[in-house]
Amino acid sequence: MKKLFFAIIFVFFSFDLYSQQLDITTDIGLGGGIEMASADSGTVWNASAFMTDIEIMFNTDNDPLFEAGFSIALPFTHRLGLGIIPKIKLKKELELFQVYGCIGGAVYIGSYTMIGVQTEFGVKKKFDYFSLFGEISPSFYPVGFLDLNNSSDIMSDDSGNGLLIQLNVIAGISFKF
């Protein structure tokens, strides 16, 4: 009986059960940009909040062109809050660098609420132990946007003026585990 047990264990563990490797990529970036929305007085342009963005993405070695994960965005000027952005990313390796596109559903909470869609288009240059990246991030928030008629520049859930559009530029460093 003991030999049968060890034979079953040997056969079971001799197969390559863990053929896929899970890669985790962490990006840490800083950025800011501009935002635009319609207000009672017309179209209003403002600087968007300067923020840090921490992105954690997962992929397997069987699908190196696709990643899924999330970002945590922490605005720290104009208004404080927390953004949680689940997202998917498609990437293409070129000879000198990597290009990528990303889309996600953004939810910001804190002293304000914003719900919308965030996109990213970027490049990443790999080095031995890290990568540097830069990206442009257009975002669209139809729910809970900036009360542009209020000079205190706070978010308002009942401003009801329409779509808030942001265009941010983010740069940072990336690590792969």
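Predicted model: local features only at pLDDT ≥ 70, side-chain atom pairs only at ≥ 80, totals over all residues.
How many cavities of 30 Å³ or more does the count come to? The count comes to 1.

1. **Fold elements.** The protein has 1 helix and 9 strands.

2. **Burial and surface.** The protein has 177 residues, and 38% of them are buried. Its accessible surface is about 10300 Å². Carbon and sulfur atoms account for 71% of that surface.

3. **Contacts along the sequence.** Take the contacts between residues at least 6 apart in sequence. Of these, 54% join residues at least 24 apart.

4. **The cavity.** The largest cavity holds about 70 Å³ of space. Its lining includes S48, A49 and M51, along with P75 and R79. Y108, Y112 and M114 also line the cavity, as do Q166 and N168. By class, the lining has 6 nonpolar, 3 polar and 1 charged residues.

5. **The pocket.** The largest pocket holds about 200 Å³ of space. Its lining has 15 residues. Nearest the pocket centre lie K124, K126, S131, S174 and K176. Strand 9 gives the largest share, 3 residues.

6. Which classes make up the lining of the largest pocket? There are 7 charged residues, with 4 nonpolar and 4 polar ones beside them in the tally. For the largest cavity, the charged tally is 1.

Notes
Residues numbered from 1 in each chain as written. Heavy atoms only, no water. Helix = DSSP H or I, 4+ residues; strand = E, 2+ residues; numbered from the N terminus. Buried < 20%, exposed > 50% of the residue type's maximum accessible area, 1.4 Å probe, protein only. Contact = heavy atoms within 4.5 Å. Areas by Shrake-Rupley, 256 points an atom, 1.4 Å probe, with all protein chains shown as cover. 1 Å grid on protein atoms, 1.4 Å probe; cavity = no way out; pocket = protein on both sides within 12 Å on 5 of 7 lines; lining within 4 Å. Points joined across faces, edges and corners; volume = space filled by probe spheres on them. Nonpolar A, V, L, I, M, F, W, Y, C, P; charged D, E, K, R; others polar.
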